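Subject: Structure for your review

Dear colleague,

Please find the structure below, followed by an account of what was found in it.

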Amino acid sequence: MPADRLLATALQAYQEAPNPALTDKILATTTTLLTNLTNPLNLSLLTTHFLTARAIWHSPDGLQTCLRVMSVYNTAAIHVRKNELENANILTGRPVVGSGVSSEDWVHAVVKGADDRSSRWLHVLVLAGVLMGMEGDDRRSLSRSLRHKLEQAVVTATNLELENQGRISPLGRGAVILALTYAFPLLSERTKRLLDGNILLPPIIEAMLGDEGFQHSDFILSITNDIPPGQNIVWDPHSPSVARLQSLESRPLAQNMGPLSRLAAFAVQHAIHSEVVLQAQGQLISFTGALLDKWSRCPLSNIDLSVETAVLPPQVHQGPYQILWQLLKKIMYTVVATLQPMAGRSLLDPNFKADKMAPTITSGTLHALRNLSFISSRQGASSFQVYTFTYNTSLDIITRYPDACAQFLQSTQPPLPQTTNVVPSPVVQALVLFYLNTAEHFPLALPTPVCENLIITPATAYLSPTTSWLTSPANNPPSSLTLELFESAHSAVLSVLSCPQHGALAAALIPFYIDALLSSFPSRISPRQFRVAFRTIMQITSPPFPVSASHPDLSEGLLEMLRFRAVSGSASTAPVLPLNEQATTATNKPFIPGVPPAQQQETISEQAALVLSLVDALPYLPLGVLEEWLARTAEAMNAIADPRLREIVRKHFWDILVSGEMDVERGALGVTWWGTGGGREMVMFGHPNPNPYPRRGGAGEAGNGGEAFMMSGALAGGNGAEGRSKL
């Protein structure tokens, strides 16, 4: 059909009543006409009528229609440019390909058709589609001046349309944001700065969380309604909730959340008014809070990662269940990417880093991340750079404000476990894990009573065998977060003990903690974790920490407990434990000093791990007892029967002496012990200690004139058995 007749047919079809069956045909005809019309005036006329077409805009299919309109102009622009390049090399006398209109004339004609008879948000769709077709994929079809004018037209139409958001419909706001997600990467930095962040951020958040985006998390309610109550979870793959999930994932904005989150980050960075950013953050907090609440009420939230394949049928686990979690992770990535520039401005922006704003922004960010913890704690989903920056920056800022720290912990403190027979849901476990991981960073900023109530009490509840469900038979098979919760509880306790201002609390807590540590090894913590924890405790009980002054014998008492377990025969000698699992940093250096990379995969026994812990503690002992414990550690090392394991300990012993871990005074004492005190013979050749241990409080003599082997601080009431250690 000739182009003129086709144009008349299309203009007539535009005025007809909406008919979904004919919409595809109308859009295809429009694309053909845009590519083949030879008169620029007809191109303008076509665009003018297309943007006011009753058949298209009287009952649009939301943003799906907007995306298809952009696609019409994008496709037409690509073909016009392609035809122009082919016509440039065509032989004389041959017919031209397409309309023969140049790319720049075509752009002028189309843009002229976007006039006052249609809304500006429709103009943004046309302009974005043209820009994408002409300049996308590095096509460089337009001159620099025309491209700059086209970019400015996109920005100007956007700002003018969003200035009065009460006048524009939700569809119009969503259409502008959708067009910008495609056009934004093509804008120059100079043009991007013309976008008004104050008026851009609210519709972005609305589009992100609204019906065309994440639907206010209402899709979870539909899943809950489709799962009948009962002990067994039955989710029909053909239920309405599954269809809704699939429909949501196919929506234009849901498919384009990555560019949308980058656009949101730009708007946050360039919004001048702080209240606009605070409003956006409040909306994100409310959204994530509603998401957490709805998910907690959904039967699927009770399924732990460790038992998913056993609980769910394969067609559900590999189908809608995977779609659901992909959507939840997309929500987390989008929200975190929007929160990141808020945290960044709290570091650099004078308004946001002020004392009135900084704790509010960072506390809100942490609340939003907490609400997403049931997603971020799943299979390491939080291990990406944007999340790490946002989380750590918020922690760094909020720790400058003790009241904000205490208020955050009080508002998020999880209920304490009351019995070992009830395993909480995975959602509760994730919230506890986030709480403990966050509380670990606060002890320096909090007074001792607050630390005891808000950090020590919750953490020790997960270490005590009388209240912790982590080691209960009810937790079988262990939940996916069991190990992380146990580690986080230990880390939270150690973080408090490591603060000098909490010395009084540390002195009372260390015996309980060491008992929990020893009872947990090796069944629930690895040798690496045990060594790190014990090494930290030894640092805390040594100078210059105040505990070393108030309880000078505590460090020796702890060492004697460890040595006794290592040499008494109660420790296993089977080499079945990993020496240093997950112990390398990003620079591939050993986590435990003195353990070479070649030994990362070696296995050791419980006994060897205990002796290695003794060696780790040597640099922190008081000078007066160091020589004695060098000898006792060497004796414990020689008690290891397996020569391979003994060699591992021997190498680490040698590294401690020569690597510089000891300060100057301790290093000099170590050299003296090695050279003239029999250390070399004991460590290298397994000889017995040639020197008797120093007299301890009048203890009776042991055989061969040596002093009795005693725990530091033991009562020495007389000779023989009465003067020996009770351990």
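Is K192 buried or exposed? K192 is buried, as its relative accessible area is 10%; buried stands for under 20% relative accessible area, exposed for over 50% and partly exposed for the range in between, with a 1.4 Å probe and protein chains only. Before the remaining findings, two remarks on the source are in order. This is a predicted model, in which local features need pLDDT of at least 70 and side-chain atom pairs count only at pLDDT 80 or more, while totals for chains, interfaces and linings use all residues. Residues are numbered from 1 along each chain as its sequence is written, and side-chain values use heavy atoms, with hydrogens and water left out.

K192 belongs to helix α10 (residues 189-192); helices are DSSP runs of H or I with at least four residues, numbered from the N terminus. Neighbours within four places in sequence aside, K192 is in contact (heavy atoms within 4.5 Å) with F184, L187 and F266.

N198 lies in helix α11 (residues 197-209), and its side chain reaches the backbone nitrogen of H273 at 3.0 Å. With neighbours within four places in sequence again left aside, N198 is in contact with A271, I272, H273 and V276.

Two helix pairs may also be of interest. Helix α7 (residues 120-135) packs with helix α8 (residues 144-163) at an angle of about 155 degrees, and their axes are 9 Å apart. Axes are lines fitted to C-alpha atoms over the stretch in contact, and angles run from 0 to 180 degrees between N-to-C directions. The angle makes α7 roughly antiparallel to α8, a term for angles over 145 degrees. On the α7 side, the residues that meet α8 include W121, V124 and L127; on the α8 side, those that meet α7 include L150, A153 and V154. The residues of this contact divide into 11 nonpolar, 1 polar and 5 charged. Here Ala, Val, Leu, Ile, Met, Phe, Trp, Tyr, Cys and Pro count as nonpolar, Asp, Glu, Lys and Arg as charged, and the others, Gly among them, as polar.

The axes of helix α9 (residues 170-183) and helix α15 (residues 257-270) come within 9 Å and cross at roughly 95 degrees. These two helices are therefore roughly perpendicular to each other, the term for 65 to 115 degrees. I177, L180 and T181 of α9 make the contact with P259, L260 and L263 of α15. Its residues comprise 5 nonpolar, 1 polar and no charged.

Yours sincerely

How values were computed. A polar contact is a pair of N or O atoms within 3.5 Å; within protein, one must be able to donate a hydrogen and the other to accept it, and residues adjacent in sequence count only if both atoms are side-chain atoms. Angles under 35 degrees count as roughly parallel, over 145 as roughly antiparallel, 65 to 115 as roughly perpendicular and the rest as oblique.
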